[in-house]
Each structure stands twice: as structure tokens, then as C-alpha cells.
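Let's take a walk through this fold together, starting with its sheet and ending at its surface. Have the viewer open and follow along.

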Amino acid sequence: MKKTSTIHLSGLLFNIEEDAYEKFSQYIQSVEKYFENHAGKKEILEDIENQIAEILSGKINDHKKVITMEDVQSLIQTMGHPDEFWESSEKLWQKTSANLLKILPNNFSIFRAILSYYSFKILFNTFYPLE
């Protein structure tokens with residue numbers, strides 16, 4: 001038999017084993033520390049808390065009422081460690097920019113033509129209004 005604690009996330013109550021609570025608490029503290037100097041810290045942490053509550057509520061059912069260490073480890077693996085947050089966004093940017101560069105050279109002349117048309121139209125209407 002293990003001791004349990006109750007935590008409150010996004011308006012939901014969860015029973016969590018004591019060892020799982022320690023791991024979860026360390027994770028939350030590391031996330032808070034990571035975002036402590038960000039401008040939208042409060043909103044970011046609320047979004048993360050909502051996501052965590054959604055993931056944990058999926059682990060509870062009629063036969064399982066307590067969050068275990070395995071659940072917390074799975075949660076951390078799903079959410080990622082805070083030091084991986086920047087890494088993953090940087091990789092996403094590299095992937096996106098690489099895909100854009102693949103598309104752009106083939107369609108660059110079309111893009112230039114469209115920009116030329118609208119810039120000419122704007123300039124013409126500025127110097128020679130129709131009215």
C-alpha cells in the first residue's frame with residue numbers, strides 16, 4: 001500500500017502516489033523555472049497545466065483511480081523536458097524553412113510576377129487616382 005496525495009489541476013482533482021508526486025513536482029518546478037523570464041509566463045503555464053490535466057485524466061478510469069509513477073514518466077516523455085522545448089522549436093523552424101526553400105525556387109518567378117503586379121497597381125493608383 002502506498003501513500004497518496006491529492007493535486008488540483010485545471011479544475012480537476014487527481015489522486016497521485018507519493019513517489020509520483022515528488023517526480024511530478026520536480027517536473028513542474030523545472031517547467032516554471034524555464035519560463036520564469038518569458039513575457040507570457042502565466043498564459044504559457046496555464047496552457048501546460050491544461051495539457052497535463054488532459055493527459056492525466058486520460059489515465060484515470062473506473063478501475064484505476066490513482067496516478068502512478070509510470071503515468072508521470074509517460075507524461076514527462078509526452079510533454080518533454082523543458083530543456084528540449086527550445087530544441088524542438090528550433091528543429092521545427094529548420095524543417096519549415098527547408099520545405100519553404102524547396103518550394104520557393106520553382107515558384108519564385110510566379111511570386112515575383114504577383115508582387116510586381118500588386119506593387120504596380122498600388123503605385124499607379126497612388127499617382128493617378130481614378131477619381
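The paragraphs below move from the strands to the helices and then to a few individual residues. Please keep in mind that this is a predicted model.

Begin with the sheet, which is open and has 3 strands in the order E1-E2-E3, with mixed pairing. Strand E1 (4–9) and strand E3 (66–67) are at the edges and have a single partner strand each, so one side of each is left without a neighbour in the sheet. Strand E2, residues 12–17, runs parallel to E3, and 2 bridges join them. To find one end of this pairing on your screen, pick Asn 15: its bridge partner in E3 is Val 66.

Next, look at the segment before E1, where you will find Lys 2. Is Lys 2 buried or exposed? Its relative accessible area is 51%, and because exposed means over 50%, Lys 2 counts as exposed. Leaving aside residues up to four places away in sequence, Lys 2 touches Glu 17 and Asp 19. Lys 2 and Asp 19 are 17 residues apart in sequence, with 8.8 Å between their C-alpha atoms.

Finally, turn to helix H4 (residues 82–127), which contains Tyr 118. Tyr 118 is partly exposed, at 48% relative accessibility. Together with Ile 114, Tyr 117 and Ile 122, Tyr 118 forms a nonpolar patch on the surface, with about 450 Å² of accessible area in total.

Notes
Residues are numbered from 1 along each chain as its sequence is written. This is a predicted model: local features need pLDDT of at least 70, side-chain atom pairs count only at pLDDT 80 or more; totals for chains, interfaces and linings use all residues. Side-chain values use heavy atoms; hydrogens and water are left out. Two strands pair if DSSP finds at least two bridges between them. Helices (H or I, at least four residues) and strands (E, at least two) are DSSP runs, numbered from the N terminus. Patches are made of residues with over 30% relative accessible area and no salt bridge: like charges are joined within 9 Å, nonpolar side chains (Val, Leu, Ile, Met, Phe, Trp, Tyr) within 5 Å. Accessible areas come from the Shrake-Rupley method with a 1.4 Å probe; for residues, only the protein chains shown count as cover. A salt bridge is a side-chain nitrogen of Lys or Arg within 4 Å of a carboxyl oxygen of Asp or Glu. Buried means under 20% relative accessible area, exposed over 50%, partly exposed in between (1.4 Å probe, protein chains only). Contact means heavy atoms within 4.5 Å.
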